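The sequence and structure come before the notes.

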Amino acid sequence: MRCAAESSAVAKRLKPFSFGPFSLAKLWLLLSVLALACAGPGLRPASEIRAVTYNTHYMQRGLPGIVDALKRIDADLVALQEVAASGSSVSAAAIAARLGYQTVNSSAYVTFGQNSWRLAILVRGQIVGRNEIPLGRSRRALRVTARIRGRQVTFITLHLTPYVAGGLDLNRRYSALRKRELRDLLRFAGAPRADNPTVILGDFNMLRGAPALAGLDEYELMAESGYEDADGGWLPCNDDTFPLESVRQQAPLPWRWALPSAITLDYIFVSTGLEVIDVGSVPSEASDHFPLVLQFRLPPP
C-alpha cells in the first residue's frame, strides 16, 4: 500500500490550502484514483483488507453515482448508512448485485410511510455471522463477522443521531442522545481484544475535538473505549467527510469565512492489534458525505 500511503500523506500535507481553480479536492481525487489503481485487490497481500464507510444520503442523488464511487474504491467490505428501502426492497441489494458483493441489511431505523432507512454491510467473502441491536431511542447498529481471504474479522456499522440547526442547548440534548447510543454500542461491541479483530465504522455525527465545556464531547467515549481512531491525530490533519460548501453559502458574513470547508462526521475505529496502513476520504458528489476508506493489516494468525 506504499503508493496509497504516499498519496494520502501528500494530500494531508496540502489539505489546509487551496490553489485557485485547481482545488485540493481535485488534487486529492486525482491522487486517490492513482493510489487505488496501483493497489487493486489483485496486488493486496492476503493479510491486508480495505474497508469503506459511506453515508449514501438515502440515495437521493441516484444509485449510479454511489455504484461508481464504490467501484473506484474497490473495497473488500462496504458499510452503508441511510440506505433507502421501500417496503421489503432495499437498495443495497442492487448495489451488491452490480459490484459482486454479498449483503446484509439491518431493520429500519428511520421510517416514513412505506419508505425507510437501513444500514447495510456488503462483503466480498463469506459472511459467517450477523446480528443487530437498537441504540438509544431510535438508532441501530449492525454487526457482521466475515471471512475475507481466509481471515475472520468483525465489522460493526451505525448511524447516530444527527446535529440539528437549533442552537447550542438543543444540540447538547442531541449530544446526550448520542452518548446513550455510544454506550449501547460499546456494550454491544465489547472490549477490544487482539484475538478478535474488530472494525467499527459509520456515521457517528460527532465532532472530533469538540470542547467538553460545550457538552458536545461524545467523541471522548470512543477515545476512552480502547478502540483506536484510524484517522486520529492533530486537527486539522484528519480527513474530513462532510463538505460544508452549501452551509457556507447560506451563512451570513462574516461567519461564512469562519466556517471550515468540511468537517468529520464519519469515523473508523479499530481494535487492538490491527495495523492501520492508510486512511482517507475520497471526494464524490454522489452523496452529501464523502466515503472514508481504510486499508489495514491483520496480525499474523
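Helices (H or I, at least four residues) and strands (E, at least two) are DSSP runs, numbered from the N terminus. The model is predicted: local features need pLDDT of at least 70, side-chain atom pairs count only at pLDDT 80 or more, and totals for chains, interfaces and linings use all residues. Residues are numbered from 1 along each chain as its sequence is written, and side-chain values use heavy atoms, with hydrogens and water left out.

**Glu48**
- Glu48 belongs to strand E1 (residues 48-55).
- Its relative accessible area is 4%, which counts as buried (under 20%; exposed is over 50%, partly exposed in between; 1.4 Å probe, protein chains only).
- The Glu48 side chain makes a polar contact with the side chain of Arg297 at 2.8 Å; such a contact is a pair of N or O atoms within 3.5 Å, and within protein one must be able to donate a hydrogen and the other to accept it, while residues adjacent in sequence count only if both atoms are side-chain atoms.

**Helix H4**
- Ala92, Ile95, Ala96 and Leu99 are buried in H4 (residues 92-99).
- Seen down the H4 axis, these buried residues fall within an arc of 100 degrees, so they line one face of the helix; the arc is that of the directions from the helix axis to the C-beta atoms.
- Exposed Ala97 and Arg98 are on the face turned away from the buried side of H4.
- Gly100 follows H4 and has a positive phi, near 80 degrees.

**Charges over rings**
- The charged end of Arg143 sits over the Phe188 ring, 3.8 Å from its centre, the criterion being NZ of Lys or CZ of Arg within 6 Å of the ring centre and within 35 degrees of the ring normal.
- The charged end of Arg178 sits over the Tyr163 ring, 4.2 Å from its centre.
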